[in-house]
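Here is a short briefing for a first look. Please view the sequence and the structure before reading on.

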Amino acid sequence: MASCSRAFLRIFNPQIAPKKISHVSHSNHIQPTPRKQPTSQKWSIAQDLSLLSSSSTPIELINYETKHTKTMDDIFVQHSQKLELFRHVLRNVAELDALEGLNVIDAVQRLGIDYHFQQEIDEILHKQMNIVSAHDDLHEVALRFRLLRQQGYFVLDDVFNNFKESNGMFKKALGEDIKGLMSLYEASQLGTEGEDTLFEAGKFSGHLLKTSLSHLDHHQARIVGNTLENPHHKTLASFMARKFFVTSQGTNTWLNLLKEVAKTDFSMVQSLHQNEIVQISKWWKELGLAKELKFARDQPLKWYIWAMACLTDPKLSEERVELTKPISFIYLIDDIFDVNGTLDELILFTEAVNRWDITAIDHLPDYMKICLKALDDITNEFSYKVYKRHGWNPLQYLKKMWASLCNAFLVEAKWFASGKLPKSEEYLKNGIVSSGVIVIVVHFLFLLGQNITKQNVEVLNDTPAIISSTATILRLWDDLGSAKDENQDGNDGSYVRCYLEQHQGCSIEEAREKTVNMISDEWKKLNRELLSPNPFPATFTSASLNLARMVPLMYNYDGNQCLPSLKEYMKSMLYETVSM
């Protein structure tokens, strides 16, 4: 399977040489550790591999006309030819019809295969900046606005003034335009602080779309429901791609060709991800920490999902494997603090991480020694790989980030050991660090290796908004999931609990509403950062945005403390096939 996946990578990145992926060490991507979960949620390697082996794999791609298995060479050649054909179609459609060009780009992005056509998309949207929209077509105005903002162009929200009454309210007649309302709702998700027009657009379109569900036919209601629940800007494209594949209809020849391209792409990427899971499972098993730290979570597949979601470009296969490793240690160390360690032990552990002297840890309990030695190993291996590939040694920066994380964990441990909750503001300030986002962001900045300079790295010390907003979104979502009521179990605490303690007489419903509004405000701050100049490469900002998009899937618990959205995402990405 490894050689097969390596071959797949050559389609996504022709510069890759046909060699096996070398065995990787530890260090990967992903973010803060979800707080402690019930034992029933524990995943294991056995479950991971049984799911993988029992599912139908897409490695043998089927010729949908003849039903005969194709050779890999045939698949590669035909897929490359269709990609090139669609590249020409995209250019031609956009040249002949500006609006239809936008529709094609939207479909490509919703199917999550825009990495094949980024140059074409850049060129088309750059030209679209100079096109004056038909002022009475809400869909066209809103779609152009959203696509341009997603691309980094700061388009003013006054483009929607034409759809308002003289009193500043949106026209009631727009309630009949379901397609336009969906586009307006999608556009409103890219609002920044102070953009009242977009805030009102979201409320206006959201209300009308919700009330329309009862009288729409099943197909249209499904599309509207998907828009309301998972707006494109705040949702992983890969999570909704298969739903879009099923619900998108039309007589356009380009749509049928695009679906053919997407279906083959889905299968090839799925095989790539399956191979990466095998590598992660092998690494985790050989590491042996599941046996040594029996109290800790054993969820290598779940940890990998973070990396898969953040680094979506197929050619970043080795990076996804590497990035999964640090996230596993964020989870493990979090469990040491939340589940197993006494306060005295945690103080010693934190001091040891700050000193980072592996020869002076004899005073620690055995399970802490084992964890620290493994952390030292993966950090050194990660640093060596970054230095070898990019000429930059990140070792000291990584040590500093791990120390900061443990310091934040210790602050929380002392709070809860004292039996006194901090003020909500103080809790959240520390929670931005204890979320683990900063550790992950530093790892994928070095791993991606683009434009690494001392200045760029030191900017991270000040926790710029692109990081702090993502971390806040994660921490608040996590706390919402763990604060179903005021009597939640565990020593994790939450923003909701701290807020209730600080504001006596406030109901839990009011506290949760406050938290939801704060998440919305952080998205506005993040949107502003995405539109502002920053020293980071596009792949870095994209990974940071995807990390924020992944959060609801990881923390949206149902009444049984399960994660149905995450389960659905895993199945669609790793096991299920797509039919035309």
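This is a predicted model: local features need pLDDT of at least 70, side-chain atom pairs count only at pLDDT 80 or more; totals for chains, interfaces and linings use all residues.

Residues are numbered from 1 along each chain as its sequence is written, and side-chain values use heavy atoms, with hydrogens and water left out.

- Serine 183 lies in helix α7 (residues 178–188); helices are DSSP runs of H or I, at least four residues, numbered from the N terminus.
- Serine 183 is buried, at 10% relative accessibility; buried means under 20% relative accessible area, exposed over 50%, and partly exposed in between (1.4 Å probe, protein chains only).
- Not counting residues up to four places away in sequence, serine 183 touches His139, Ala142 and Leu143; contact means heavy atoms within 4.5 Å.
- Threonine 197 sits in helix α8 (residues 196–212) and is buried at 13% relative accessibility.

**Salt bridges**

- The whole structure holds 25 salt bridges; each is a side-chain nitrogen of Lys or Arg within 4 Å of a carboxyl oxygen of Asp or Glu.
- Glutamate 286 and lysine 282 form one (2.8 Å, N to O). They are separated by about one helical turn because they are four residues apart in helix α11 (residues 253–287).
- Aspartate 366 pairs with lysine 369 in a salt bridge (3.8 Å, N to O). Aspartate 366 is exposed at 55%, whereas lysine 369 is buried at 18%.
- Glu84, Arg87, Arg91 and Glu120 are linked in a salt-bridge network.

How values were computed:
Helices (H or I, at least four residues) and strands (E, at least two) are DSSP runs, numbered from the N terminus.
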